Amino acid sequence: MDKISVLGDAAKYLKQLQERVQKLEEQTATKTMESVVFVKKSQLCDDDLSSSDQNSDSCSNQTLLEIEARVSNKDVLIRIHCERQKGFTAKILDEIEKLHLTVVHSSSLPFGNYIMVTTVVARMEDKFCMTVKDLVRSLRLAFSTLHVN
């Protein structure tokens, strides 16, 4: 091979690579990520503060709940911020699997004295056929029944 043919082949290869990069950038731009957040806010207070405070009604009996779900292709990211509850993580993972999601990874971290932050990465099974909004609704409903029990 002479220098001209080597340079010609290199130019063709560079052009192919540029076209491939352009196609990949277009595919990345068309990928969508759906996200839904459900928030139920409440006031949490410290036991020390409420016992020293004469007006104990300043603390709310409502439960704290924030559920966020994001979907990208067949992957689902779920974040739940709620009051700390013994055995909650196992129960919510069971509920997630009932919705035809396979749990890939989960973590639960305490935040302060009363809050639990649970993050779950799951993969949609073939039977999964919900919108992100419906997923959050189902989790919220499951959470409310878990909270009552």
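Within helix α4, R137 and D134 lie 3 residues apart, about one turn of the helix, and the two form a salt bridge in which the closest N and O atoms are 2.8 Å apart, a salt bridge being a side-chain nitrogen of Lys or Arg within 4 Å of a carboxyl oxygen of Asp or Glu. Helices and strands are DSSP runs numbered from the N terminus (H or I, at least four residues, for helices; E, at least two, for strands). R137 is partly exposed, with a relative accessible area of 43%, and D134 is likewise partly exposed, at 31%, where buried means under 20% relative accessible area, exposed over 50%, and partly exposed in between (1.4 Å probe, protein chains only). The model is a predicted one, in which local features need pLDDT of at least 70 and side-chain atom pairs count only at pLDDT 80 or more, whereas totals for chains, interfaces and linings use all residues. Residues are numbered from 1 along each chain as its sequence is written, and side-chain values use heavy atoms, with hydrogens and water left out.

A further pair is found in helix α3, where E95 and K98 are 3 residues apart, about one turn of the helix, and form a salt bridge with the closest N and O atoms at 3.4 Å; K98 is exposed, with a relative accessible area of 52%. The count of salt bridges comes to 6. Among the residues involved, E68, R70 and R79 are linked in a network, in which the side chains of R70 and E68 meet at 2.7 Å, N to O. E68 counts as buried at 11% relative accessibility, while R70 is partly exposed at 33%. Side chains of opposite charge can pair when their charged atoms come close.

The chain has 4 helices and 5 strands, which follow the pattern α-β-α-β-β-α-β-β-α along the sequence. Strands β2 and β3 pair in the antiparallel sense over 8 bridges, two strands being taken as paired if DSSP finds at least two bridges between them. E68 has R79 of β3 as its bridge partner. The hairpin of β2 and β3 has 2 residues between the strands, and N73 takes a positive phi near 55° there, a positive value in a residue other than glycine; at 52% relative accessibility, N73 counts as exposed. Strand β4 (residues 101-111) pairs with β5 in the antiparallel sense over 10 bridges, with L109 opposite V117 in β5. These strands form a hairpin with 3 residues between them, and G112 in the turn has a positive phi of about 70°. H100, in the loop between α3 and β4, also has a positive phi, near 70°, without being a glycine, and H100 is partly exposed with a relative accessible area of 28%.

Leaving aside neighbours within four places in sequence, I80 is in contact (heavy atoms within 4.5 Å) with L65, E66, I67, F88, I92, M116, V117 and T118. I96, in helix α3, is buried with a relative accessible area of 0%, and, with neighbours within four places again left aside, I96 is in contact with I78, L101, V103, V120 and L139. The C-alpha atoms of I96 and L135 are separated by 9.1 Å, although these residues are 39 apart along the chain.

Of the 149 residues in the chain, 24% are buried. Among contacts between residues at least 6 apart in sequence, 62% join residues at least 24 apart. The chain exposes about 10700 Å², of which carbon and sulfur atoms supply 53%, accessible areas coming from the Shrake-Rupley method with a 1.4 Å probe and, for residues, only the protein chains shown counting as cover. L17, in helix α1 (residues 3-30), is partly exposed with a relative accessible area of 34%.
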